[in-house]
Each structure stands twice: as C-alpha cells, then as structure tokens.
Amino acid sequence: VRQGECLVLTGESGCGKTTLIRCLNGLIPGFYEGKLAGELFFRETPYEELEPHEISSHISTVFQDPRSQFFTVNSTDEVAFGCENLSFSTERINENVGKAFSHLNIGRLKDKNLFALSSGEKQKLALASVYAMSTDVILLDEPTANLDESAIQDIRKMLSALKAGGKTLIISEHRLSWLDGIADRYVYMAQGEIRQIWSAEDAKRLSGNELRQYGLRSLCEYDFSLQPDSTDDGENELSCQGLTVSYGRQEIIRDMTFRLFWGEQGKIVGIVGKNGTGKTTLAKALCGLLSPKGGTIALNGKKVTPKELCQSTYMVMQDADYQLFTESVLHEIQLADRKRQSKCHEADPQIITEVLNRFGLEEYKDRHPLSLSGGQKQRVTIAAALAAGPDVLVLDEPTSGLDGRNMHNLKEALQEIKAQGKLVLVVTHDAEFLNDLADQTIVISQTEEVTVNRREKRESPLKGILNYATQRKVLIRISVVLSVLSSAFGLLPYICVAVLLGRALENQLTPAWAVGLSLSALLGYFLKYYLFSKSTLCSHKAAYEIIRNIRCAIMKKMSKMSMGAVQEKSSGEFKQLVIDDTDRLEGQIAHAIPEMTASILIPLMVFAYLLFVDWRMALASLGSAILGNIILYSMMFGRGEMMKEYMAANGNMNATIVEYVNGMEVIRMFNQTASSMGLFKAAVLKVRDVTTAWYRHCYPYMSIGQAVMTSSISFVLPVGAAILSRGAVTLGEVILCLLLSMGLAGSLQAMIEFWQDISAIYEIQPRIQALLDAEELPVPAEPKHPEGAGIELKDVHFSYGDAEVIHGASFTAKEGTVTAFVGPSGSGKSTLAKLIARFWDVNAGAIQIGGVDVRHISLSELSDQISYVSQDNFLFNMSLRDNIRIGKPDASDEEVEQAAEQAGCEEFIKRLPKGYDTGAGDAGSRLSGGERQRLAIARAILKDAPIVILDEATAFTDPENEDKIQRSIDRLTKGKTLIVIAHRLSTIMYADQIIVLEDGEISAKGTHEQLLSSSQTYLDMWKAHISAMDWSISQEVTQTC
C-alpha cells in the first residue's frame, strides 16, 4: 500500500476484511487470540519489532460502530483522548483538536454530549479523533453502515480532505458507490484470500452480472423512488392516528397519521429519512416495543395494545447483537420458529433448513452467533425473522453489513414474504436495496425537536429545606430574632460616637456624658457579639438537624425505590447529593438565613430614621448601595449555565473518583493505570477549569463593587455639607447620618454576600427534591399478611426500560420445598429471583407469597419473610460482628457467634487479630470470596426468614470452600422454602423442582430425572456439566501423576 493511497477492501461477509484490518492495526495478535503466519511490515520494519504504542502512533482505526471506541461523554474530550494516550504536550493537543474540528468542518460538534449525537455525527467525531492523532494511516471498518445519504456525503468530503492531506486510507466496505473519486484500488477478498485487485478504472468497467458473481454491491449511485402508492384498498389495514412517541420529555414523533392497506398480494413499504428523524422509534412503536405517549395504532380497524402488536409483528433491529440470545445459529432460528408454531403451526424442520441455506448459514449453524462477523450476524437475525413467519415484518437497516449477494437474497426473501400476503416495513438509508423493491415509501422529514416542559406550582426551595427542621424550627426563629438584636446593638456604638461628637462640637460634653456614652458603646459591642454567638449556636443546631433529616430522607427514599431507579445514577452522583451538597447547606442555613434577615431589617430601620432626619441625606446614603449592587449583579449574567456546568463537572469527578478507587484492582491487573488516571485527571482538571473560569469572571466585579458599596460617606458627606450650609439640619444630625450610613453600607454588603449563599439553596434543593419525588415501589394502603411461605408466579412479565426480559413466567414453589432456576447466562434467572424479593414490580401478572400478592404486603414484612444471598456480597465498614448482626439488629453476641459457627465462619474469624470485633475494612484484604460468602450466609441464618433465595452462592469458590459453603447452606435452608440459582447442576440434582429458563421464558420444569428425558436444553446443559467435571478430574489426575 503506497503512502497517500486509498485502498478499499471488499468481498462477501466473512471473507476476512475485518480480520485483515485487525492485523494491520496490531489487534491481532496483540488482543485477539489465534495463529498468525507470515509477516507484516510498516515502512520496511516488521510489526513484531514494533511496540503497540509505536503502531498506534502511526496507524489509527475507525470501527464500524463508533460507540465501541468512545471513552468519554464529551465530544471535545473524545477528540483529545487519543492525543493524550500518545503523550502529546498540552499545546499540541489543543492545536490538533482545533485543527480536527476546523479542517473537517465539524466545529458545531464541539463540547457536545456524545449521547445526544446522531449516528452520522458520531462517525464524524470518530474520524476527527483519529485525525487529531496525526497518524499516517487511517483504517476504517464499514464507516457508512448506518448512515443516511447526507451523512455519507459528509464522510466522503472528510475522507477526501484526509487523502488530499497525504493520509493513507484503507477502507473495509460493502457499499461501494460513494467511494467513486476517492478509491485508488479495490481489493476483492474471498474465504480469507485476496482473489482480485482492481484499479479504480478497472472496477468501473465491471458489469452488473460480474459484480453479482463476486457478491459485490453496485458502484453506481441510486436515488430513492418516492412516488406514493395510490392504492387505498385491501382487506388488511395498519393505521396510526395522531401518534406521539417520546423518550422522557423529548418528543421524537409528534402527531403522525397514516394508513397502509394491503391485500392477498402483500406489500413492501420503505420508511426513509435522515438520521435522527424518528424512523427507528416509529418501527419500535409499530412492533409494540415502545408505548405511544399519545394517539393510537390500529390493525384491521381495531385499536391494539403494545402487547398485541408484539404477537402480530416481528422486528429485525439495527444492532444484531441485541437479538442474539442462544448458543448457536441453529438454536437462534429454532427459537424464532417457536413464534410461528405458537400460531397453531406444527414444527417444520424443512423451513429451518431452507432459511439457513437461503442466507448461506448452513455451514455456521453450530457456531456461536457472537463469534460471527457483523454481516453474518445480520443475516442470522434476518433469517430468524423469516422463520418466525409474522403477519407484519419490520426491518431496521437490514442491509447494514450485508454484501451484494446476500442483499439480493434478502430482496428475494422479502418478495416471497410479500407474496404470502404479509406487510413488510423496511427502515433504510440504502437506496440501492429499496430500488425495485418497495411498493410504497413513507418519508419522515426532519422535524424540530420538541421538549415538553410542564410548569408546575412548586414549593419555594427555601421553604422546602426549612421543612426538614421539624422540632428545631423554633431555634431558627430564635436565631433570627437574636441576629436582628445583635445587628441593632451593633449600631449603638455609631449612635454614641455621633452624639459624643455633636456635644463636643457644641461645647456641651460633660464628663458624665462622655463616660455614659463610652460605656453605652462598649455595651453595644458586647451585646452585639454575645447575641451573635447565641444566634449562631441556635442556627447551627437547627442546620445540623436539617442536614441529618435530609440525609435520612434520601436513604429512606432509596430503600423504597426500585433497584432499577437507584442504578440509573452513579455512586458519585449519590455521594455528591448526600455528602457534598448537604454539607454546603450547613453554611447557608446556619449563617445566611438569620444574618440575612438582620441585614434586611436593620438597613430598613436605619433608612427610616434617615428619612425622618432629612430625606435628601437618606437618598444619598443609598447611592453607594445602588451603584455597588449594579456592579455586583452584572457578574451574575451567565451564572446559571456556569453553575450547571460546575455541578455536572463535580458530579463526574465524584463518580470518577469512586470508580477509580473501587476498580483499582482491575486497573492494575490490566495495566490501565495511565488511561484511568488520565480520566480521573481530566475530571479534576475540568472542575478546576470551571471553578477558575467562574472566579476569573467574578473577581473584577466583586472588587469594584465592594469598594463602591463601602464608600457611602462619599455620597452622604457632600449632600450633608450642602444642607448644613443652608441651616436645614444641625451638625450633630449630619454626623449621625454619616456614621449610620457607614453602618448601612456594611449591612447591605452582608446582605449581598448572604444572598449568594441563599441562591445555592435554590440550586441544591430542587436536586434533592427530584430524588425524593422519584417513583417508588407502591405501598399498600391496607397491607395483607401472607399465610405460609409458598411462592406462586402467575403470567409474570417484566421489562428493563423498553426491552421485555421476562415473558409470561408461571410456576408454584410449595412451602418447605427446593426450587432451582437453571438456564444460559442472560436467560432471566437472577431477574426472576429479584422480582420475588420485590426489587422491582412486575409489568404484568402477579407474584404471590403465602397466597398474597407481594405488592399487597408491606415492605418491612416482605423483608422479614425473605433472606437473599447473592453471588456478590457487600461488607459494611463496621466490625464483622455487626456485619452479621444486620440479619437481626437486636441479636445478642451469643446469637451472632452461634450463627457464625453454623455458617463455618468461626475458624477464620478467630485467626483475625480482634476476632469478631475486627473491622470489615481491616479484614477485607484477608478474607477470601468464600469467607465473605459464609459471612453473608451467617447473616441469613441469624435472620431466620422462612424463604431463602440463593443467587449463585457458590459461583466463585474453590471445591474446598464450596463444600464448606454447601454445608452452611444446608443448615440455613433446613425446613425453609428455597429458591436457588446455580450453573453447577450437580448442586441442584435433588431439588424438588427445577425450572429451565430460556430467553426470559420457562421452557421446561420438573425434577432432574424428568427434565433429562423431556427437555433438550436441560439435557445439553447436563452433558456440558458432566464433560466439564470429567475434564477437571482428568486434569487433576494428570497433574498428580
């Protein structure tokens, strides 16, 4: 490959294009395992002589899905990330990042949230990030797979600019039409070999038949045919009326209305539009995967629910990984075929074979789907859709990663489905695919983004905070009164001095007056600071009570929220809210509220007195305050956005700190110290930069404003002198006004400072209230009490967000029996167990304990009924004794030690320096995973709940510890209703009932012997388990010998 050349790798899916890219960028053999023969050279230097950082300094890669290579959440940080890894200087990083945004014409993407970018914008950002690294070679793997025509042209311009700048481009691509004018050579690969190399001119001469023989896409550009179908008849109809779909408060589809008719001949409808217009959202709504916010969807004139749509439709998603669940390609197709069988069809192996052959998947039928290439995965999901035989088939970007041969195969398959009288909806950017295929086209145009803002009458944040004072509210009132009196007595020295000067100037000052006024001034100073100390004492007591109550309220709220709602926020966000933000409230409550009240009332009283003396001097006394306020408030412009940026940066820093500390073991193990430290450093520097920017903005205003605020005498003195010269006032009154105006300025300055503190309450309280207003698990108005410890699930459905993961699960676990959940990873075992413990509420159906729906049992009673032992157990920062006592807070030391002995903990606890009183933090590094597990079992034994749920309790233990844990479990579960999740089938052979879960559904249930004969899935799992045990034994024997 010559320098500055653009080389295109093309060929059918699975021919080795991506593998070759991985060889060129050093990921093979550096990351992906396998056998590598032959040699690779960069500038005549063998790759094996180059360190990974040397390769990455010359060669960079843009992956097919840019999300997989993003490491930050900010676009500018992401472009700088690669430069930081290459240890560029700060000046060079800033220069390169600036050039990347300007030269590639994407300046509008600066400082954007990555999650808010479209697919095209993410691809452009990925290009900018490698451009900033200044590498000589750029590798691109399917860069246009998910882009619309407009975004493809933008990428084309960017690559043209890169090539013109001398960059070497190697592009793996199926869609070839957009490369005209950029590509210098085309390399055709098949079965891991390079079969042909064409120049750009030779490639253009290839005929359509030759391209089809090679399995390649066209080199000519196609335009969408957007002629609407005029047919409005047919016995079948799919319609939308006023359809509105939103994610949170952002409306993606707004008031959409259309009608589609089709008859016995079927119909294929193309849905086209730019990235981000809502095509995929519409597809999900039509398949029942998203619930509309407004409007209706009707099928054959009948309004249908999302659940009913799911039964009549099938969707092939844009990202194939989301739809691959089983252990082999064949099982994927068989799983989809069950949907066809559910409509009273009999199983037909011939259909499965035909589908596999149609898409060239027969040779891969025993392969794990996730081991296939991107194009092969796409073919598997499409083949599964055809096997399902739905009435309405929806495909979202079905040609993403498809080569020319399989694109034509898909076209033919969709035509056959159409001929069966089906409706096929195709969401695509691929005009070549839709050409001569679609009978009708729906164009979704770019609409203005709509954000729904509901203005609700909310309680004042200040009042909301003070509500947490409870019995301490009286202390706040006392504090305010004392603060006002303190400020009032603080004016007494000024009045005494004014009177003393007036009498001295009028020759009326006697020794008695002088002593009396001096003592009065001293008394004023004493009372001012004495009352201030008492006021502060009262306000601090109230402040600490408020902070305690807020933190308790947050913790109590979190205990009532579903686990899903809690897990949406990072630990850093909770730390900032519970620790940092509430700590900030202490100063505002203890000082700002009482002292600001005094700072308002005292100036009002002084101003009233000045008005009584002379209105002109009263107005003059306000001159410095007004001018100073104008200067100070000028700095507040833009404060809201800067404060939001500060809070976001601070929350990110907290989350990064928690993640860095908790993940230290992983960071060191995988030698990611520099990378992780870089993320932490970037988060800290972001807080520093935001804070510095704010202070740099504020200091000029604050310096000038405060200087002006305290210069009231410069306004009052000229006015007072002029009035005095006319004889309108006495000299004593002028002196008194001068001194009082000086006190007035100080109070006004304090009021301004405290107002800034009060504004912090208005920023923090809404965030606290938002958490406290979050949806929680409903509490029954009249709780019912379960009778017994039997468990029954009735048609349970549950979703994480929009994706349903449990589909109609039903079973009964009788009291005192053992029920085991088995199945592949991700089949829903842990989710089902957590639903029984009511970590979440089901979307449909019911879970009953002792004949009572768990939603009708109080949370405290339900907690008493269930002991839950997970595979990852947390030890609190307290003694081991207290960690065990969590199971029963009022347990005696003897009971704790007895439970520990039954769980087999005593032997290792006695080895610790302080025994049971050893802190969990001190013992943490000394406890193995099995010992931690036994501590968790000791908790459960002490709790003595009638229902025990064990979620992979022996997952990470060695055989010796597993035996000890198993004996602990036997003691724990004796006579109780036991739900156990296990991958080691030998541990649940004697369970009263074994439930086999597959893809969120119960595929079989029975005893071990029954399932060996009735469930193929369980039989396969048992054989795999036995073979693994045999291998382990043979290895041990070999080592012993």
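## Confidence across the model

Among the elements of this predicted model, strand 6 has the highest mean pLDDT, at 93, while strand 18, which covers residues 450–451, has the lowest, at 34. For the protein as a whole the average pLDDT is 79, and 85% of the residues score at least 70.

Two stretches call for particular care in reading. Over residues 447–458 the pLDDT is below 50, and this stretch makes 13 contacts in the model beyond its near neighbours in sequence. Over residues 665–672 the pLDDT is likewise below 50, with 6 contacts in the model beyond near neighbours in sequence.

Strand 1 spans residues 6–11, and because 6 of its 6 residues are buried, the strand is largely enclosed by the rest of the structure. In a regular strand the side chains alternate between the two faces of the sheet. Here Cys-6, Val-8 and Thr-10 point one way from strand 1, whereas Leu-7, Leu-9 and Gly-11 point the other way, and all of them are buried.

## Partners of strand 1

Strand 1 pairs with strand 6, formed by residues 168–172, in the parallel sense and over 4 bridges. It is strand 6 that has the highest mean pLDDT among the elements of the protein. Strand 1 also pairs in the parallel sense with strand 7, formed by residues 185–190, and this pairing runs over 5 bridges.

Methods:
Residues are numbered from 1 along each chain as its sequence is written. This is a predicted model: local features need pLDDT of at least 70, side-chain atom pairs count only at pLDDT 80 or more; totals for chains, interfaces and linings use all residues. Side-chain values use heavy atoms; hydrogens and water are left out. Buried means under 20% relative accessible area, exposed over 50%, partly exposed in between (1.4 Å probe, protein chains only). Helices (H or I, at least four residues) and strands (E, at least two) are DSSP runs, numbered from the N terminus. Two strands pair if DSSP finds at least two bridges between them. pLDDT is the predictor's confidence in each residue, from 0 to 100. Contact means heavy atoms within 4.5 Å.
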